[in-house]
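Dear colleague,

I am handing over a structure that will be new to you, and I would be glad if you could look through it alongside the notes that follow.

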Amino acid sequence: MKLRTGMLDGALDKEAENLNSSIKVDQRLVYDDIQASIAHVTMLGHVGILRENEAQAIIDGLINLKDKIINKEIEIDLKAEDVHSFVENELIKDIGQLGKKMHTARSRNDQVTTDLKLYLRRESQNIKELLKEYIGVLLELSENNTETIMPGYTHLQAAQPVTFAHHLMAYAMMGLRDLSRLEDFRQRANELPLGGCALAGTTYPIDRDMVKEYLGFDGLMENSMDAVSDRDYVLELQGVISILGVHLSRLSEELIIWSSQPYSFVTIDDMYSTGSSIMPQKKNPDMAELIRSKAARLIGNMNQSFVMVKGLPLAYAKDLQEDKESIFDSVDTIKICLQVMTGQMKSLKVNKKKMLIACKEGYINATDIADYLVNKSIAFRDAHHIAAKLVKIAMEEEKTLEELSLDTYKKQSDKFEEDIYQAIDLKTIVGKRNSKGGPSKEEVKRQISYVREKIK
């Protein structure tokens with residue numbers, strides 16, 4: 001049965017009906033629609049809009065429908081216009097004409113956005129839990145690598161020595177901000193739209209605060225036009241998910257680089273790799289590459305949501321039916337990306353020797369030669385020039401800076417003494433960088449404790 005025929009005669013054109021139908025997309029809201037409907041009918045009975053026995057019969061029918069869906073005694077009818085029509089039609093089939101009273105004092109407009117908020121509130125919490133697991137794995141991997149020295153890069157060129165733990169903790173800090181953004185999203189999204197009706201509220205004596213408490217919302221949307229037309233919460237969650245996706249994409253890019261033969265810093269487990277159809281030696285980081293590409297998909301979904309809303313006048317327009325498909329896809333996508341990245345990082349093998357060799361071959365202790373000379377009263381600009389000259393000599397002789405003789409150093413400056421080798425020792429260099437946020441072992445351990453406390 002079509003619920004919204006009204007004054008219209010005849011049926012929709014077949015293709016128009018296909019275009020209009022959203023059941024294939026919004027069927028995942030079925031439990032949220034039932035939950036919101038139970039809250040609404042409970043309120044209608046409480047304030048006397050429905051008799052108590054009527055309200056209870058409708059509530060019992062909704063609970064029975066939910067149980068049937070859970071137990072697979074009934075399937076969602078994909079011929080229904082949308083999930084809301086499906087729920088109401090099935091209720092009427094079960095309890096008769098009384099089921100038609102369920103929709104008293106509400107509109108499809110406030111019903112739809114209430115269901116979507118309930119769904120996204122729950123899913124944002126699921127994303128948070130997956131994000132915490134991912135951050136937790138980064139912390140474990142960091143704890144095991146506080147002394148694993150690796151090159152830090154700028155412009156993808158070896159720059160200064162850090163530790164693998166320090167590098168990973170940068171991603172953990174990004175994850176903390178992603179958690180914070182998810183919490184901010186919930187704070188603004190957790191206001192109840194139900195009661196806004198079509199756009200101008202209702203003449204019935206409803207109690208919106210009762211429904212708010214029943215459904216666990218923090219507040220009410222205070223303007224009925226805003227209540228039915230607002231999709232800020234969809235835009236905000238799309239943005240939060242996109243930023244999180246970009247962070248996962250950046251780590252994926254590094255895993256791809258680190259696992260390539262010129263680097264071989266890490267080995268990705270076979271569970272997260274694939275082979276080549278013709279090259280037997282290949283082990284491809286396909287999961288990392290897919291996560292990297294999924295970030296583009298998330299950004300595309302976000303863009304669709306923003307463009308959908310940008311030109312809409314108040315209050316409701318059918319355009320808003322398109323708010324769901326892209327955000328559902330973003331939710332599904334970020335969840336599987338977090339799960340795969342968490343497993344991938346948990347099983348990652350770290351090649352400490354390769355990282356150390358790359359440090360030495362990258363001459364990343366050159367800055368510390370300059371600092372050594374500055375501490376012996378040579379101006380930094382001159383010290384910088386001397387250090388660069390020594391790097392050039394080392395490259396020509398195919399040696400590391402540690403392998404250059406003391407005579408070679410002294411030819412560039414008589415300030416060099418035997419202690420230069422201690423000054424350019426990579427472990428010493430990292431250990432001295434103990435300013436807050438730095439890569440020293442003690443400082444990284446502090447960062448780990450800081451993040452661990454935050455994600456509690």
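A helix is here a DSSP run of H or I with at least four residues, and a strand is a run of E with at least two, both being numbered from the N terminus. Counted in this way, the protein chain holds 19 helices and six strands. Please keep in mind that this is a predicted model.

On the overall form, the C-alpha trace of the protein chain spans about 100 × 50 × 40 Å along its principal axes. The radius of gyration of the protein chain is 31 Å, whereas a compact globule of 456 residues would have one near 23 Å. Of the 456 residues in the protein chain, 49% are buried.

Gly 195 lies in the loop that runs between β3 (191-192) and α8 (208-215), and Gly 195 counts as buried because its relative accessible area is 11%, where the cut-off for buried is under 20%. Between the C-alpha atoms of Gly 195 and Tyr 372 there is a separation of 71 Å, the two residues being 177 residues apart along the chain.

With kind regards

Conventions:
Residues numbered from 1 in each chain as written. Predicted model: local features only at pLDDT ≥ 70, side-chain atom pairs only at ≥ 80, totals over all residues. Heavy atoms only, no water. Rg over C-alpha atoms; globule rule 2.2 N^0.38 Å. Buried < 20%, exposed > 50% of the residue type's maximum accessible area, 1.4 Å probe, protein only.
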